[in-house]
Amino acid sequence: MPSVSKTAKIQSGADLNPETLKQLNEYLATLEPTEILEWAINSLPNLYQTTAFGLTGLATLDIINKISVERNQPHIVPLIFLDTLYHFKETLDLAERCKQTYNVPLKVFKPMHCKTTADFELEYGQKLWETDEDSYDYLIKVEPARRAYEELNVKSVITGRRRSQKGDREAIPILEVDGTGLIKLNPLAYWDFQQVWTYIRANEVPYNALIDQGYKSIGDWHSTHAPNGEDERSGRWSGQKKTECGLHKDYFKMRAAFMASKKKREAQQHQSPIVV
């Protein structure tokens, strides 16, 4: 195993070529999540945790808090929360509760130039997720995330994705680099739902009140239902082939699709009215 996996400080995603990533993932797969996170804290540059306060993110948050306490430091990894303006009230309440419980820096980013749902709908109309889903995903998740990474100089992020969530996540590695050069760490990639839930209960981690109503994966209120099968994310975008919100898709493709849609909308708005 090359020494980079244990001791060297990684400077950027450019340091992680395919062979290095392969070797690192082989090494990290032998570790428990706490050990993976300890390695990440020691090795990854400008590290943040992105979370919507799902169960995996909450377990990760709690583990990082324990590492911080053990090192006699304030909470080591700040949080980035993307407020889509369509979260359940229970999710927003949980975000504030976690901020207080763990005394963690919480950086909140909303859609550009919007403070409220009314602001967003005044600009883009109601139910944009029905009329232009790609634009909706770009505006409420992709662009705010990219803005957060640029403003905070984020080089590495911890995510809550796991293989047992299936869909696009079924084969994710623990460590990866996306098309923008951002390093992504999936420390609980090999845990299943029951392992996460057992950790949450055993460690008395705060969790979303909707969990007790049968929900397992919680996003925006309009696209989230209790799961209708064994797949814990089956309650998200029910009846659609969609499995991701866009945050973990190709940024450049998402941006290109949004710009094309925006150009089309603008052209339609500037068409001269037909005089009868």
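Buried means under 20% relative accessible area, exposed means over 50%, and partly exposed lies in between (1.4 Å probe, protein chains only). This is a predicted model, in which local features need pLDDT of at least 70, side-chain atom pairs count only at pLDDT 80 or more, and totals for chains, interfaces and linings use all residues. Residues are numbered from 1 along each chain as its sequence is written, and side-chain values use heavy atoms, with hydrogens and water left out.

**Positive phi values**

- Most residues other than glycine have a negative phi.
- Asn 153 has a positive phi, near 55°. Asn 153 is partly exposed, because its relative accessible area is 42%.
- Asn 153 sits in the loop between α7 (133-151) and β4 (156-158). Helices (H or I, at least four residues) and strands (E, at least two) are DSSP runs, numbered from the N terminus.
- Phe 53 also has a positive phi, near 65°. Phe 53 lies in the loop between β1 (47-50) and α3. With a relative accessible area of 3%, Phe 53 is buried.

**Helix α3**

- Helix α3 covers residues 55-70, which is 16 residues.
- From first C-alpha to last, α3 reaches 23 Å, close to the 22 Å expected at 1.5 Å a residue. The expected span is 1.5 Å times one less than the number of residues.
- Of the 16 residues of α3, 13 are buried, so the helix is largely enclosed by the rest of the structure.

**The cavity**

- A search of the whole structure finds one cavity of 30 Å³ or more. A cavity is a set of points on a 1 Å grid over the protein atoms alone where a 1.4 Å probe fits but cannot get out; lining residues have an atom within 4 Å of a point.
- The largest cavity holds about 60 Å³ of space.
- Its lining includes Phe 53, Leu 55, Leu 58, Thr 91 and Lys 216.
- The lining residues divide into six nonpolar, three polar and one charged. Ala, Val, Leu, Ile, Met, Phe, Trp, Tyr, Cys and Pro count as nonpolar, Asp, Glu, Lys and Arg as charged, and the others, Gly among them, as polar.

**Thr 224**

- Thr 224 lies in the loop between α8 (193-202) and α9 (251-269). Thr 224 is buried, at a relative accessible area of 2%.
- The side chain of Thr 224 reaches the backbone nitrogen of Gly 219 at 3.0 Å and the backbone oxygen of Asp 220 at 2.7 Å.

**Cysteines**

- The structure holds zero disulfides, a disulfide being a pair of cysteine sulfur atoms within 2.5 Å.
- Cys 98 is buried at 0% relative accessibility, and Cys 114 is buried at 7%.

Note on methods. On a 1 Å grid over the protein atoms alone, a cavity is a set of points where a 1.4 Å probe fits but cannot get out, and a pocket is an open set with protein on both sides within 12 Å along at least five of seven lines; lining residues have an atom within 4 Å of a point. Grid points are joined across faces, edges and corners, and a volume is the space filled by probe spheres set on the points. A polar contact is a pair of N or O atoms within 3.5 Å; within protein, one must be able to donate a hydrogen and the other to accept it, and residues adjacent in sequence count only if both atoms are side-chain atoms.
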